[in-house]
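Welcome! Please take a moment to look over the sequence and the model below. The report that follows walks through them one region at a time.

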Amino acid sequence: MKVLVFIEQRDGKIKSSAHEALTVGFKLAGSSANLAAVLVGQGVAGHASQLAGWGPDTVYTADSADCALYNVQSYANGVESAIKAFSPDVVLGVASPMGRDVFPRLAARMDGAILTDLTYVESSGSGVQGTKPMYSGKCIADVATEGAKISFVTIRQNVFPVAKPGSGNAGATPVSAAAGDGKIKTVEIRKGKSAKPDLTEASLIISGGRAMANSDNFKILADCADVIGATVGASRAAVDSGYASHDMQVGQTGKTVNPNLYIACGISGSIQHMAGMRTSKVIVAVNTDKDAPIFGVASYGIVGDLFKVVPLMTEQFKNLLK
Ligand SMILES: Cc1cc2nc3c(=O)[nH]c(=O)nc-3n(C[C@H](O)[C@H](O)[C@H](O)COP(=O)(O)OP(=O)(O)OC[C@H]3O[C@@H](n4cnc5c(N)ncnc54)[C@H](O)[C@@H]3O)c2cc1C
């Protein structure tokens with residue numbers, strides 16, 4: 001089958017999740033000739049070579065000043081141009097905020113089928129089938145596209161292991177990135193202050209809940225995060241109380257994360273919080289209440305006061321990483 005992968009980039013740097021999508025795309029396509037990628041943005045033509053060896057023979061570049069700032073219309077136009085040029089059976093991307101914005105719009109525009117947030121995917125005839133967690137991970141749905149002329153698929157980040165096939169010339173082929181109809185205009189994008197990876201990309205996360213009691217106390221989490229290279233997250237209670245900023249919120253109304261290690265400190269484990277982190281590979285919970293629900297999903301639990309436990313963990317990490 002022919003597969004087109006939408007590659008997300010920031011300031012010319014290919015996002016690590018794009019490599020996950022390329023790995024899945026190469027498996028579905030079966031060859032470099034059947035796999036293409038599309039890069040959208042301003043000045044992206046020069047970045048196609050970064051994808052050499054990652055599978056695709058062709059990288060469509062929708063390079064335009066209209067795409068300098070992310071705008072769903074212009075970006076969808078860029079991907080649509082690549083679809084028209086390559087005629088794929090499947091268009092694949094990541095279930096990131098951008099993927100959630102662009103893919104449904106394209107599926108509607110092109111009368112395609114769409115499967116979102118898959119944690120397993122394989123080909124079935126000219127379509128795809130896979131699994132997706134539902135109801136905050138309480139059950140898994142088997143889903144498939146059937147009889148669709150084109151299928152749009154997003155995969156969950158940090159689930160699929162990355163494997164670089166070593167083939168694929170990644171030759172840049174320009175396609176049009178026509179401006180949107182002007183109904184949506186991105187005026188400005190303000191960057192978050194943190195230099196750490198965004199929560200959705202982080203492989204290590206340490207989060208604090210209501211028990212942090214104030215914003216200054218988050219420093220003990222930041223100190224631990226600095227030692228192991230983690231990103232700091234928060235529960236909604238901590239965010240609503242003003243201890244942490246909204247971009248740090250994990251959960252149903254915050255970010256969905258899937259790191260290798262998630263350390264939950266003073267977080268009870270509400271359904272809404274767990275909706276955003278329960279698929280983390282290893283979960284460590286620190287809580288004074290041995291009956292806190294978070295221990296139900298934790299791989300390791302520490303019943304104790306986070307203000308004593310976290311500094312001890314930080315010291316241990318320092319010793320281990322010396
Ligand atoms: C529609 C909706 C959407 C929501 N979306 C989200 C969301 O996206 N994300 C989210 O997180 N929540 C969300 N919530 C809120 C959610 O229901 C909970 O209220 C919230 O997750 C609780 O946060 P918490 O665990 O920090 O606080 P609490 O539930 O108050 O838990 C604090 C925990 O800290 C422990 N503790 C206290 N002192 C210490 C100490 N010194 N050391 C260690 N442990 C200690 C306590 O035993 C307790 O378990 C949503 C709610 C609704 C209704």
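This is a predicted model: local features need pLDDT of at least 70, side-chain atom pairs count only at pLDDT 80 or more; totals for chains, interfaces and linings use all residues.

Asp 11 lies in the loop between β2 (9-10) and β3 (13-14). Residues are numbered from 1 along each chain as its sequence is written.

The phi of Asp 11 is positive, near 50°, in a residue other than glycine. Ala 170, also not a glycine, has a positive phi of about 55°. Look for Ala 170 in the loop between β11 (151-155) and β12 (171-175).

Is each of them buried or exposed? A residue is buried if 20 or more other C-beta atoms lie within 10 Å of its own, exposed if 12 or fewer, and partly exposed in between, with C-beta atoms placed from the backbone. Asp 11 counts as exposed because it has 7 C-beta neighbours inside 10 Å. Ala 170 counts as buried because it has 21 C-beta neighbours inside 10 Å.

## The nonpolar cores

A nonpolar core is a set of buried Ala, Val, Leu, Ile, Met, Phe, Trp, Tyr and Cys residues joined through C-beta atoms within 7 Å. The largest one has 55 residues, and Val 38 and Val 79 touch the most other members. Helix α1 (residues 16-29) gives this core its largest share, seven residues. There is also a second, separate core of 41 residues, which includes Tyr 262, Cys 265, Ile 283 and Val 310.

Let us return to Val 79. Setting aside its neighbours within four places in sequence, Val 79 is in contact (C-beta atoms, placed from the backbone, within 7 Å) with Phe 6, Val 38, Val 40, Val 102 and Leu 106.

## A three-stranded sheet

Next comes an open sheet of three strands, in the order β8-β9-β10, with antiparallel pairing. Two strands pair if DSSP finds at least two bridges between them. β8 (120-124) and β10 (139-144) are the edge strands, each pairing on one side only.

β8 and strand β9 (residues 127-134) run antiparallel and are joined by five bridges.

## Strand β13 and its partners

Strand β13 (residues 204-208) is mostly covered, with four of its five residues buried. β13 pairs with strand β15 (residues 261-265) in the parallel sense, over five bridges. Within β15, Tyr 262 is the bridge partner of Ile 205.

Four bridges also join β13 to strand β14 (residues 231-234), and these two run parallel. Here Ser 207 stands opposite Gly 233 in β14.

## Around the ligand

Which residues come nearest to the ligand? Of the 28 residues around it (C-beta atom, placed from the backbone, within 6 Å), they are Gly 209, Arg 236, Ala 237, Gly 251 and Ser 268. The largest share of this shell, three residues, comes from α5. At least two residues each are supplied by α5 (236-240), α6 (271-274), β16 (282-287) and α7 (306-320).

By class, the shell holds nine nonpolar, 15 polar and four charged residues. Ala, Val, Leu, Ile, Met, Phe, Trp, Tyr, Cys and Pro count as nonpolar, Asp, Glu, Lys and Arg as charged, and the others, Gly among them, as polar.

How values were computed: Two residues are in contact if their C-beta atoms, placed from the backbone, lie within 7 Å.
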